[in-house]
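I opened this entry to keep track of what I looked up, in the order I looked it up.

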Amino acid sequence: MKIHEYQAKELFGKYGVPIPRGKVAFNVDQVKEAAAELGRFPVVIKAQIHAGGRGKGGGVKLARTEKEVAEVASNILGMTLVTHQTGPEGRLVRKVLVEEGLAIQKELYLGMLPDRATAKIVIMASEAGGMDIEEVAAKTPEKIIKVFVDPLLGLQGFQARQLAYGLNLQPELVKLFIPMVNRIYKLFVDNDCSLVEINPLVITDDGKLLALDAKMNFDDNALFRHKDLLDYRDLDEEDPLEVEASRYNLNYIKMDGNIGNMVNGAGLAMATMDLIKLAGAEPANFLDVGGGASAEMVENGFRIILSDPNVKGVLINIFGGILRCDVLAQGVVEAAKKVDVKVPVVIRMEGTNVEQGREILKASGLNLIVAKDLKDAAQKVANIAKS
């Protein structure tokens, strides 16, 4: 789950991580009130969307007077902000963060995320703050310091010092940085984060160290332990079909292709998407109904797939283990009766109760294409793609 910058900074504040003074605002009047509360100019007005590159897209602006505050706020609020992370369709800006302007001496980078290769938490730091870290990694990887923390041991003192010295911080700043990185690490672990990123982490002219930006993601699978974090979820920033799928505990991700697919098991889903591409089409979604799906979940998954106007055909590829083939077939039939199915639907089933499942599909009277095996399913999907 992603959250906004202002929400991440709220969590930073709870953990004692220094941040600029600021306030979220949802309309121009609130922006002006927030600027007045800060008490001095300039102020920075920052669009709040779940995407990076906001500054390059015109979503972060400096306002030096009360008049400029109103002008900048009017321009940013309601704009469709396009960045390299939003795609060409962009994101509608519904809220902004109003912050005090700072005299910045230097920009740094600090990030934490799990590293699967080592089963540790990697902390990355760089003097090349304010830039895209991917670009720094590609062109000047020597500028990135990496420290791998064993989660069973926690962040050690020597590792925090390694980061501080790698950033060439002056002694007085080292004293500020070490407790800061320890607090961020505690926040990361306490809340089951999958990413915490500060870009930039700034050194101000008066010798302060502040998180000027904040990006934070959480492990969806751990949210049952953090009911309070669910309050941060912004459904406006998520795809409506993905929101709908989450209500039924379906793992659905919308994509840009034309063949919808329903599968049980993430590995099989990935293989099915490869199969669709091999057939000359493009997958319209990732949908894993899971091993223990009910007929109702299958029905809802099928309905959600067909809600995507880009879908020109559907491939249902199920291996009947925990999810029996007759249960799948019943779910598909029920959904097809409720939804006006205007595209070809190919169904490939193998496993438990496969014959009963095929009989249910045959007896339904619906125009469903039943594939004999995976090769046959691929051929039928290829025919859909060609047509």
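**Entry 1: helix 2.** I am working from a predicted model. I began with helix 2, residues 28–38, and listed its buried residues: Val31, Ala34, Ala35 and Leu38. Looking down the axis of helix 2, I found these buried residues within an arc of 100°, so they line one face of the helix. An α-helix has 3.6 residues a turn, so residues three or four places apart point the same way. I then checked the other side of helix 2, where Ala36 and Glu37 are exposed.

What do the buried residues of helix 2 pack against? I found strand 1 (22–25), strand 2, helix 3 (66–76) and strand 6 as their partners.

**Entry 2: the whole chain.** I stepped back to the protein chain, which has 12 helices and 18 strands. Its C-alpha trace spans about 75 × 50 × 40 Å along the principal axes. Of the 387 residues in the chain, 49% are buried. I also looked up the contacts with a separation of 6 or more: residues 24 or more positions apart account for 67% of them.

**Entry 3: domains.** The domain assignment gives me domain 1 (1–19 + 103–237), domain 2 (21–101) and domain 3 (239–386). I took the centres of domain 1 and domain 2 over C-alpha atoms and noted that 23 Å separate them. How many residues of domain 1 are in contact with domain 2? I noted 15 residues of domain 1 in contact with 17 residues of domain 2.

**Entry 4: the second largest pocket.** I turned to the second largest pocket, which holds about 1,100 Å³ of space. It is lined by 44 residues, and the closest to its centre are Gly53, Arg54, Asn199, Pro200 and Asp213. The elements that give two or more residues to this lining include strand 2 (43–47), strand 3 (60–63), strand 6 (96–100) and helix 4 (133–139). Strand 10 gives the largest share, 5 residues. By class I recorded 20 nonpolar, 11 polar and 13 charged residues in this lining.

**Entry 5: the largest pocket.** I went on to the largest pocket and noted a volume of about 1,400 Å³. Among the 33 residues of its lining, Glu238, Asp239, Glu242, Tyr252 and Ile253 are the closest to the centre. I recorded the classes as 12 nonpolar, 8 polar and 13 charged residues.

**Entry 6: Ile369.** Is Ile369 buried, exposed or partly exposed? Its relative accessible area is 27%, so I filed Ile369 as partly exposed. Leaving aside neighbours within four places in sequence, I found Ile369 in contact with Pro344, Val345, Val346, Ile347 and Lys380. I also looked up Val314, 55 residues from Ile369 along the chain, and noted that 10.0 Å separate the two C-alpha atoms.

Definitions and conventions:
Residues are numbered from 1 along each chain as its sequence is written. This is a predicted model: local features need pLDDT of at least 70, side-chain atom pairs count only at pLDDT 80 or more; totals for chains, interfaces and linings use all residues. Side-chain values use heavy atoms; hydrogens and water are left out. On a 1 Å grid over the protein atoms alone, a cavity is a set of points where a 1.4 Å probe fits but cannot get out, and a pocket is an open set with protein on both sides within 12 Å along at least five of seven lines; lining residues have an atom within 4 Å of a point. Grid points are joined across faces, edges and corners, and a volume is the space filled by probe spheres set on the points. Ala, Val, Leu, Ile, Met, Phe, Trp, Tyr, Cys and Pro count as nonpolar, Asp, Glu, Lys and Arg as charged, and the others, Gly among them, as polar. Helices (H or I, at least four residues) and strands (E, at least two) are DSSP runs, numbered from the N terminus. Buried means under 20% relative accessible area, exposed over 50%, partly exposed in between (1.4 Å probe, protein chains only). The arc is that of the directions from the helix axis to the C-beta atoms. Contact means heavy atoms within 4.5 Å. Domain bounds come from an automatic or database domain assignment.
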